[in-house]
Amino acid sequence: EVDCFLCLDTNGKEAVEQLTDFNFDKFDSGFKEMIKRNDLFLKGKTEYHREHRLIQGAIQTIQNRILNPIKKGKFFCETCGVASQGTKINIMWNGNVTACHNSNVVIGHISDDYEKIKDSRRIYESSHSLKVDCSKCEFDPVCQGVCSHTTDNGAEIWCKLNKIILSNVLLYIQQNGMNSDE
């Protein structure tokens, strides 16, 4: 099983410059096409393709967020669910444990006591804050918010990508109802 994550910037200005050439219009039209193909699949008119799982996952996630709005602000990873509540750790090939799969911040080593790693993560979480205020965004009630590990420019890019996904998925749900994935 493979998770699909949006492209995030954790390496500073050089990496962000490579992302600025991203074609948002092409991403938008491509995402719309994926939704159309998914709809044809649900109607039995096409064969299954792994992109259907991606679209159905996005639809289901948004439906869940509509029914159970996100409570933000307790921990920086709580809204995205990565490493939240101490249930997951992120181990690098060299054995280092990082704060998040999007972060290069080392909070311990696999040979460390688990309680030590949890304490290090708590300390990091309490001193690390989000770089953007999403409270005025129209998608805030159903959006995870920007990953706290990304830079300001990376956050802007992430927001544009997520708004494209959310606007298309919300329109699809609006047109097809909350049970459209069954």
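Me: How much space lies in the second largest pocket?
Reply: In this model, which is predicted, the second largest pocket has a lining of 15 residues. The space that lies in this pocket comes to about 150 Å³.

Me: Which residues lie nearest the centre of the second largest pocket, and how does its lining divide by class?
Reply: By class, the lining holds nine nonpolar, two polar and four charged residues. Of the 15 residues that line the pocket, those nearest its centre are C134, C137, C143, C159 and K163.

Me: How are the axes of helix 2 and helix 3 oriented to each other, parallel or perpendicular?
Reply: The axes of helix 2 (residues 24-42) and helix 3 (residues 50-67) come within 9 Å and cross at roughly 100 degrees. Angles of 65 to 115 degrees count as roughly perpendicular, and the two helices are therefore roughly perpendicular.

Me: Which residues of helix 3 make the contact with helix 2?
Reply: From helix 2, the contact draws on F31, M34, I35, R37, N38, F41 and L42. Taken over both helices, the residues of the contact divide into eight nonpolar, three polar and two charged. On the side of helix 3, the residues are E51, H52, L54, I55, Q56 and I59.

Me: Which strands stand at the edges of the sheet?
Reply: The sheet is open, with three antiparallel strands in the order 1-2-3. Because each edge strand has a single partner, one side of it is left without a neighbour in the sheet, and the strands concerned are strand 1 (90-91) and strand 3 (106-109).

Me: What is the bridge partner of V97 in strand 3?
Reply: Strand 2 (residues 96-98) runs antiparallel to strand 3 and is joined to it by three bridges. In strand 3, V97 has as its bridge partner G108.

Methods
Residues are numbered from 1 along each chain as its sequence is written. This is a predicted model: local features need pLDDT of at least 70, side-chain atom pairs count only at pLDDT 80 or more; totals for chains, interfaces and linings use all residues. Side-chain values use heavy atoms; hydrogens and water are left out. Two strands pair if DSSP finds at least two bridges between them. Helices (H or I, at least four residues) and strands (E, at least two) are DSSP runs, numbered from the N terminus. Axes are lines fitted to C-alpha atoms, for helices over the stretch in contact, and angles run from 0 to 180 degrees between N-to-C directions. Angles under 35 degrees count as roughly parallel, over 145 as roughly antiparallel, 65 to 115 as roughly perpendicular and the rest as oblique. Contact means heavy atoms within 4.5 Å. Ala, Val, Leu, Ile, Met, Phe, Trp, Tyr, Cys and Pro count as nonpolar, Asp, Glu, Lys and Arg as charged, and the others, Gly among them, as polar. On a 1 Å grid over the protein atoms alone, a cavity is a set of points where a 1.4 Å probe fits but cannot get out, and a pocket is an open set with protein on both sides within 12 Å along at least five of seven lines; lining residues have an atom within 4 Å of a point. Grid points are joined across faces, edges and corners, and a volume is the space filled by probe spheres set on the points.
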